[in-house]
Amino acid sequence: MKNLRNSVQLIGRLGKDPEVKNLTSGKTVATFTLATTDSYRNSKGEKVEDTQWHNIVAWGKTAKIAEEYLQKGQEVAVQGKLIHRSYETIDGEKKYFTEVNINEILMFGGKK
């Protein structure tokens with residue numbers, strides 16, 4: 001059960017091509033958004049779709065794989081953990097956001 005702590009698995013479509021940065025520390029980081037969509041029928045029998053957007057972060061070899069193989073609109077499965085962060089704007093307003101720090105990618109389809 002240890003591996004279930006803070007574990008996230010998502011299947012969705014990329015909202016944008018991965019943005020890759022090579023940091024001065026020598027590490028590589030890739031960021032992209034992932035859309036997951038659920039559908040259900042409301043009380044009137046109408047189909048309703050609910051799309052959630054997730055901020056995805058990949059490091060190292062996983063980031064390089066994302067850079068080489070992933071593109072906007074592609075369907076992928078990712079596995080990782082939730083990271084909650086906050087920062088303060090220049091106006092003094094505190095902003096909060098959540099990311100999924102992934103360690104695995106499963107691609108559906110071929111190389112871009």
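Q: Which side chains does the polar contact of 3.4 Å join at T28?
A: In this predicted model, that contact joins the side chains of T28 and K64. A further polar contact, of 3.0 Å, links the side chain of T28 with that of N22.

Q: Where in the chain is T28 placed, and which residues is T28 in contact with beyond its neighbours within four places in sequence?
A: T28 belongs to strand 3, which covers residues 28–41. Leaving aside those neighbours, T28 is in contact with V20, K21, N22, A58, W59, G60, A63 and K64.

Q: Why does T28 count as buried?
A: Buried means under 20% relative accessible area. T28 counts as buried because its relative accessibility is 5%.

Q: Does E99 count as buried or exposed?
A: The same cut-off of under 20% applies. E99 has 12% relative accessibility and therefore counts as buried. E99 is located in strand 6, residues 94–107.

Q: How many residues are in the largest nonpolar core, and which have the most contacts inside it?
A: The core has 16 residues, and V78 and I102 have the most contacts inside it. Elements giving two or more residues to this core include strand 1 (8–14), helix 1 (60–69) and strand 5 (75–88).

Q: Which residues is V78 in contact with, leaving aside neighbours within four places in sequence?
A: V78 is in contact with V8, Q9, L10, L34, I56, I102, E104 and I105.

Note on methods
Residues numbered from 1 in each chain as written. Predicted model: local features only at pLDDT ≥ 70, side-chain atom pairs only at ≥ 80, totals over all residues. Heavy atoms only, no water. Buried < 20%, exposed > 50% of the residue type's maximum accessible area, 1.4 Å probe, protein only. Polar contact = N/O pair within 3.5 Å; in protein donor to acceptor, adjacent residues only side chain to side chain. Contact = heavy atoms within 4.5 Å. Core = buried A, V, L, I, M, F, W, Y, C linked by side-chain atoms within 4.5 Å.
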